[in-house]
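We will go from stop to stop and look at what each selection shows.

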Amino acid sequence: MLPGLRPRAVLLAALLAGAAAGAAPLPPCEGEAQQAACGDIPWAFTLERSACCSAHAAAGAAPAGRGGGDHRGVAAAAAAEEDCPNAPPPELPPRGDLAAAASGAVAMGARYRAAPCVRWEAAHVPAFGPGAPRDVAALNAITQDVPLLDPGAVRRVKDEALRRLAPPQPPGGGRRRGRAPAGTGGDSAGGAGAPRSPLSSVWQRHQAWAATAPPRGAAGLHHPASTAGLAELAWLQHRLANGASPQAPALEQLLSGAGVPPKRYDGCWAPPTGCPADYDGPFPMRVASIRYGGLNDPALGACAPNYPAAAPPALCGHVSFVELDGQMVFKQALAFWATGNAAHAQIARRIFDGWAATNVQIGPALDGNGALEAAWGCASFARAVELLRSHPAWPAFGGAESYTVFVGWLRGVLLPPTDAWVAFKDPPASLGGWDGNVYSNWHASIAECWVAAGVVADDRGRYDAGVQLFHRTVAGFLKWGRGRWAEGGRLIGETTETLRDIYHTLFGLGGLLQAAEAAWQATDDASLYASGGHALAAALEVHAAIVLAGPYGNASALPPGFAPYDAMPPPPPGCVWRINLGSQLWGAVNASTGAWLPGGELRDGVKYLLGVKHIPVFELGYNHYAGRLGMALPQTRALLERYWPEHYELQWGSHTLTHAGSAATLWAPGVKPSTLCPGAADPPAEEPQPEPPAESPPPPVPEPPPPPSPPELPPPPPELPPPPPELPPPSPELPPETPRGPLPALPLPGAGEPRPVSLQLPAGGAAEPAGVPGLEARIVSSRSTEA
């Protein structure tokens, strides 16, 4: 865990009393942890900013003599670690699947090039390490040829890869022709007694589950599409049945939490890192009003009666909805698919039933964290319900009524604040092509929420709106290093928030990657992964290199132009540094008033790094770009070798369990001319890629318990009905809310109309405005600080 990013309980009552008594303001919010967590809270929100700075003061005090290498934040964090010691992570063997993906890149390229119709794109992906250039322009010129895939080709390749896992048929069966894939038991004419492939169980499970999964209705969405599809879930169970790594250690981590860094609060309390069968939740709140910094508004919403006594009461909205129930509902749903133990499904259903029946508002939509918190919870809850309703046993433990109530809550409570935020925050066309640099992890999280909500509700309008927001976000968030956006030594792969801090940057990349994988599963759409010239692949490499170098570690290993935060020169007297996302420059602001100092921009050409911390968002991207497309991502591979298995954090992760190495089985064998180009001839002696090896010996994992016998479950209805007619698909823009009785009004400006945005542009309106102090605040008055 990054030193200084460990939240502490906030004494909100004391701060309120101090503010009422006219107490002196808190010391300047200058430490690295304070800047990363609190620096983007508008100065006008004095209480929230003071509370956040106070919470992060102990571990993030301003370094004395910054630039001289004094890392007091590290020492404070080490002392705090002694107060709340964590168990050492388990010893794990090297990951063989990563080497297999890297070595298979050349073979994948040859497979694509054998197909005459494949179109190619030169994707700009900087390379780092020994022998790589240190000149930014040279790095930005490095390209990799990447195939462009349309949905028809994606579906044909997926189907062919699965078909080649089917067991051999007797003579005359007609199912298989030609040479069987390696390891499937030999030639298709092997007869009834031919040995069965271990991998044939993947095909058999997939075929059986496809018969009971929600149908592909008018919305045209495949199910499940919870980042993992049926093929990944069938392959997961095959890997676990064989004790294969990295899936077996990933399941052990999911269930026990071993090796997951706990998020400690005062008194050493932390949300559960595992998937306990005795989980005390849910902790639903009727109204969750979550302000900047994750502070709960006690005047608008009380904590749940069963909220843990040791948990921070001032943060109960964020902690209950995101860190406890939001994380747990998805982990329990995934654990049910991995183990077959229906107890996990019952806990997941209890969580989403509890919130759907109790909660009537999450906000504020503007001037607070409400929209972001709603998006985080929306993504986790929607993906969990999508997994559960796609399971063959869903009618026995869930059914139509539970699903209907959940979708009503999703549409009536979770989506409206995200709709209001996007309607207000999206840059207006009057900017003449300049987006104000407002695209951030907020847009990315909301885009993922909308895609996940569209999938689980079979709502193509909502799904398409999420895809459109995704592409707009990539265009604005990842534009750096190209054309005029290359000025100032910007690398392709940097984001609008890279100079703010890496912590929140990875929030955005995680949301975008999960939305891209959901689209890959739901509509066979590869365009999200390819958006912006495969910009996400470059972002993975740039930020993996930064995380590998460490927050205070080997500065020489950082990409060129970057330096640790401690190397930043002191600000002018009476001021603190604050990042201006509009100008992408650090500027000096008055420590008491927040007013920008005229001419106070830091223009030394150095890109200072804050909040360098690993977030589990890299596995999906590596499986796609390296495993499916054959791209070289050495920095991402090195990071995954250091940080695995991938755990679940806030709304991201756990993809080592579902995706690591899967492309070698579920994609590569289907890549051939006839699937990519209908009518093309395949080579006569095609050799499919084998399944990635299982390292031996893997850590022991208990045999997954079978699901309880039917008498222990409620009697199942005859079948899982489609979504009820009273929940019609909404329009692509703003879907209608499901009536739920009177709701407290969301704090929207001007009777619900978007707040007007007025900007003075240079003559002609097309030139990019120079960094104007406060410009970002005039476009976006609220931004994210992680609770």
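Select Cys 378. This model is predicted, and in it Cys 378 is buried, because its relative accessibility is 0% and the cut-off for buried is under 20%. Buried or exposed? Cys 449 counts as buried too, at 0% relative accessibility.

Zoom in on the two sulfur atoms. A disulfide joins Cys 378 to Cys 449, with 2.3 Å from S to S. The angle about the S-S bond is 90 degrees, and this link is right-handed. Colour the helices next. Cys 378 sits in helix α15 (residues 370-389) and Cys 449 in helix α18 (residues 441-456), so the bond ties together parts 71 residues apart in sequence.

A disulfide is a covalent bond between the sulfur atoms of two cysteines.

**Next stop: Cys 303 and Cys 316**

Select both residues. Their sulfurs are 2.2 Å apart, and a disulfide joins them. Which hand does the link of Cys 303 and Cys 316 have? The link is left-handed, with -90 degrees about the S-S bond. Cys 303 is in the loop between β3 (287-289) and α13 (316-339), while Cys 316 is in helix α13 itself, so the tied parts are 13 residues apart in sequence.

Cys 303 is partly exposed, with a relative accessible area of 29%. Cys 316 is buried, at 0% relative accessibility.

**Next stop: Cys 117 and Cys 677**

Select this pair. A disulfide joins Cys 117 to Cys 677, and the S to S distance is 2.0 Å. The link is left-handed, with -95 degrees about the S-S bond. Where do the two ends lie? Cys 117 is in the loop between α7 (105-113) and β1 (119-124), and Cys 677 is in the loop between α26 (673-676) and α27 (775-779), so the pair ties together parts that are 560 residues apart in sequence.

Keep the surface on. Cys 117 counts as partly exposed, at 42% relative accessibility. Cys 677 counts as buried, at 5%.

Select Cys 275. Its relative accessible area is 4%, and it is buried. Then select Cys 575. At 12% relative accessibility, Cys 575 counts as buried, because the cut-off is under 20%.

Now zoom out to the whole structure. How many disulfides does a search of it find? The search finds four disulfides. Among them are the links of Cys 378 with Cys 449, Cys 303 with Cys 316 and Cys 117 with Cys 677.

Note on methods
Residues numbered from 1 in each chain as written. Predicted model: local features only at pLDDT ≥ 70, side-chain atom pairs only at ≥ 80, totals over all residues. Heavy atoms only, no water. Disulfide = S-S within 2.5 Å. Helix = DSSP H or I, 4+ residues; strand = E, 2+ residues; numbered from the N terminus. Buried < 20%, exposed > 50% of the residue type's maximum accessible area, 1.4 Å probe, protein only.
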